[in-house]
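Thanks for coming, everyone. Please bring the model up on your screens, and then I'll walk you through it.

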Amino acid sequence: MRTAERTARVSRELVRDASLVWVASGVVGVSFGAIAVGGGLPVWVPVVMSVVVYAGSAQFSAVGVLLAGGGPLAAAATGLLLNTRTAAFSLAVADILGSGGRVSRLLGAHLVTDETVAFALAQADVERRRAAFWVSGVGLFVVWNVGVLAGALAGTALGDTAVYGLDAAFPAVLVALVLPTLREDPAVRRCAVLGAAVALAVSSVVPAGVPVLLALAGLVFYGRRTDLA
C-alpha cells in the first residue's frame, strides 16, 4: 500500500514539474504549425512531420528550407544534421531505455529530446529518472502534436508568431532544468561553460542549430575533477 501511495505521489510531482515543459512545447508547437501553413505548406505536412520526425529545431529548419525553395532531400539533410546531437542524449539515458524490451527502447528513442533528457537527468535516482523520462516524454509528445495541429489549422490567423517571443520559451525551460545539476557538479559546470562559450563564439558565422552541435566540445572536460589553473 505504501509503495502504491509513494508511486502515486511521485507521479503527481513529476506531472506537476513537467507541466511547465509541456506548456512551452505546446506554445512553440502552435508557432511551428502556423509558420508552416502560413508559408504555403498544406496542413498535413507539419502534422505528419511532427508525429514521424518529432524534433522541434530540426522541423523548423526543414520547413525553412522547404519555404525557401529547397527540395525534400535538402530539408531532410538539414534536419538530420541538427538531430545528430540526440546521439549524445541517447547515451545519457541509455540506462533508462535499456531497462525495458525492444519495443520499449524503440518508443523511448523516439521520445528523446533536449527537454525530456534534461528533465530525467535532473532527478535524484535511477527509478525516478525512468519515471520522469516516460512522464515528460509521453506528455511532451502529445502536447507538441496537439499544438502543431492547432497552429496548422489556425494558419495565417495568428499573424507573425515571431512578435510573441515564443522562441525564448524552450531555452528558459532548459536553463531551469539544468541549474540544480550545474550547482552540484563542478565537472558538468566546466563542460557547460566551455560549451556555451563555443556556441556564442560561432553563432554569428554558422547556420542555426550548428552552434548546439559544436557546444558538445565542452564534453572534453567531463570527468576532470581538478580545478583548472
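First, a term: buried means under 20% relative accessible area, exposed means over 50%, and partly exposed is in between, using a 1.4 Å probe and protein chains only. Now the ground rules. This is a predicted model, where local features need pLDDT of at least 70, side-chain atom pairs count only at pLDDT 80 or more, and totals for chains, interfaces and linings use all residues. Residues are numbered from 1 along each chain as its sequence is written, and side-chain values use heavy atoms, with hydrogens and water left out.

The overall picture comes next. The protein has 12 helices and zero strands. Helices here are DSSP runs of H or I with at least four residues, strands are runs of E with at least two, and numbering starts at the N terminus. Of the 229 residues, 35% are buried.

Let's take helix 4, residues 72-83. It has 12 residues and reaches 16 Å from first C-alpha to last, close to the 16 Å expected at 1.5 Å a residue. That expected span is 1.5 Å times one less than the number of residues. Which residues of helix 4 are buried? They are A75, G79 and L82. Those three cover an arc of only 65° around the axis, so they sit on the same side of helix 4. The arc is taken from the directions from the helix axis to the C-beta atoms. On the face turned away, L73 and L80 are exposed. The general rule is that an α-helix has 3.6 residues a turn, so residues three or four places apart point the same way.

Now a pocket. A pocket is found on a 1 Å grid over the protein atoms alone, as an open set of points where a 1.4 Å probe fits, with protein on both sides within 12 Å along at least five of seven lines; lining residues have an atom within 4 Å of a point. The second largest pocket has a volume of about 230 Å³. Of its 14 lining residues, the closest to the centre are M49, V53, A62, A75 and A76. Helix 2, helix 3 and helix 4 each give two or more residues to the lining. Helix 4 gives the largest share, six residues.

Two single residues deserve a look. Y54 is in the loop between helix 2 and helix 3. Y54 has a positive phi of about 50°, although it is not a glycine. Is Y54 buried or exposed? Y54 is buried, with a relative accessible area of 5%. V21 lies in helix 1, residues 2-38. V21 is also buried, at 5%. V21 and F119 are 98 residues apart in sequence, but their C-alpha atoms are 8.8 Å apart in space.

Last, the record. An unreviewed UniProt entry places "transmembrane region" at residues 20-45, 57-82, 131-155, 161-179 and 191-222. Residues 20-45 are 81% helix and 0% strand in the model, with end C-alpha atoms 27 Å apart. Residues 131-155 are 96% helix and 0% strand, with ends 36 Å apart.

How values were computed. Points joined across faces, edges and corners; volume = space filled by probe spheres on them. UniProt positions renumbered as here; feature names shortened; annotations may be inferred.
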